Amino acid sequence: MQLTIIDETHIRLEINGDDTLEIAGDTFGPLQMLATSLATCTASVLHEYATTAQFNLEPYALDVHWRYAD
């Protein structure tokens, strides 16, 4: 897996069949960690569903964007 921190409000998690997580990009802070946990959870659910339905999803990527409220 490749985690790319694109900017302060955007990450990309690329799933390529490798269980090792590589991190690239800007600083990895608390909000990036929260977004990464959401992305890995979503990827896990998608992978299990695809396995059950006999789909091959790999490779695929998940983008997580967020914005700050006033």
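Visitor: In which part of the chain does Gln54 lie?
Guide: Gln54 sits in the loop between H1 and S4. Helices (H or I, at least four residues) and strands (E, at least two) are DSSP runs, numbered from the N terminus. This is a predicted model: local features need pLDDT of at least 70, side-chain atom pairs count only at pLDDT 80 or more, and totals for chains, interfaces and linings use all residues. Residues are numbered from 1 along each chain as its sequence is written, and side-chain values use heavy atoms, with hydrogens and water left out.

Visitor: What is the phi of Gln54 near?
Guide: Most residues other than glycine have a negative phi, and most peptide bonds are trans. Gln54 has a phi near 60°, a positive value in a residue other than glycine.

Visitor: Is the peptide bond from Glu58 to Pro59 cis or trans?
Guide: Read omega. Between Glu58 and Pro59 the bond is cis, with omega near -5°. Pro59 is also in the loop between H1 and S4.

Visitor: Now the whole fold. What pattern does the protein chain follow along the sequence?
Guide: The pattern is β-β-β-α-β. That is 1 helix and 4 strands. The C-alpha atoms fill a box of roughly 45 × 25 × 15 Å along the principal axes.

Visitor: In what order do the 4 strands form the sheet?
Guide: Strands of a sheet pair through backbone hydrogen bonds, either parallel or antiparallel. Two strands count as paired if DSSP finds at least two bridges between them. Here the sheet is open, in the order S3-S1-S2-S4, with mixed pairing. S3 (22-25) and S4 are the edge strands, each pairing on one side only. From one strand to the next, the twist averages 20°.

Visitor: In which sense do S1 and S2 pair?
Guide: Antiparallel. Strand S1 (residues 2-7) and S2 share 5 bridges.

Visitor: Which strands does H1 lie across?
Guide: Axes are lines fitted to C-alpha atoms, for helices over the stretch in contact, and angles run from 0 to 180 degrees between N-to-C directions. H1 lies across S1, S2 and S4, and runs at about 145° to S4.

Visitor: Which residues outside its sequence neighbourhood does Thr36 contact?
Guide: Contact means heavy atoms within 4.5 Å. Leaving aside neighbours within four places in sequence, Thr36 contacts Leu3, Ile11 and Phe28. Thr36 belongs to helix H1 (residues 30-52). Thr36 is classed as buried because its relative accessible area is 8%.

Visitor: What does the side chain of His10 make a polar contact with?
Guide: A polar contact is a pair of N or O atoms within 3.5 Å; within protein, one must be able to donate a hydrogen and the other to accept it, and residues adjacent in sequence count only if both atoms are side-chain atoms. The partner of His10 is the side chain of Asp63, at 2.6 Å. His10 lies in strand S2 (residues 10-15). With a relative accessible area of 12%, His10 is buried. Not counting residues up to four places away in sequence, His10 touches Thr4, Ile5, Asp63, Val64, His65 and Trp66.

Visitor: Which residue forms a salt bridge with Asp63?
Guide: Side chains of opposite charge can pair when their charged atoms come close. The criterion is a side-chain nitrogen of Lys or Arg within 4 Å of a carboxyl oxygen of Asp or Glu. Arg12 is the partner of Asp63, the closest N and O atoms being 2.8 Å apart. The pair links distant parts of the chain: Asp63 in strand S4 (residues 60-65) and Arg12 in strand S2, 51 residues apart. The structure holds 1 salt bridge. Asp63 is partly exposed, at 33% relative accessible area. Arg12 is partly exposed too, at 31%.

Visitor: Where is Asp26 placed?
Guide: Asp26 is in the loop between S3 and H1. Beyond neighbours within four places in sequence, Asp26 contacts Ile5, Ile6 and Asp7. Asp26 is partly exposed, with a relative accessible area of 48%.

How values were computed:
Buried < 20%, exposed > 50% of the residue type's maximum accessible area, 1.4 Å probe, protein only.
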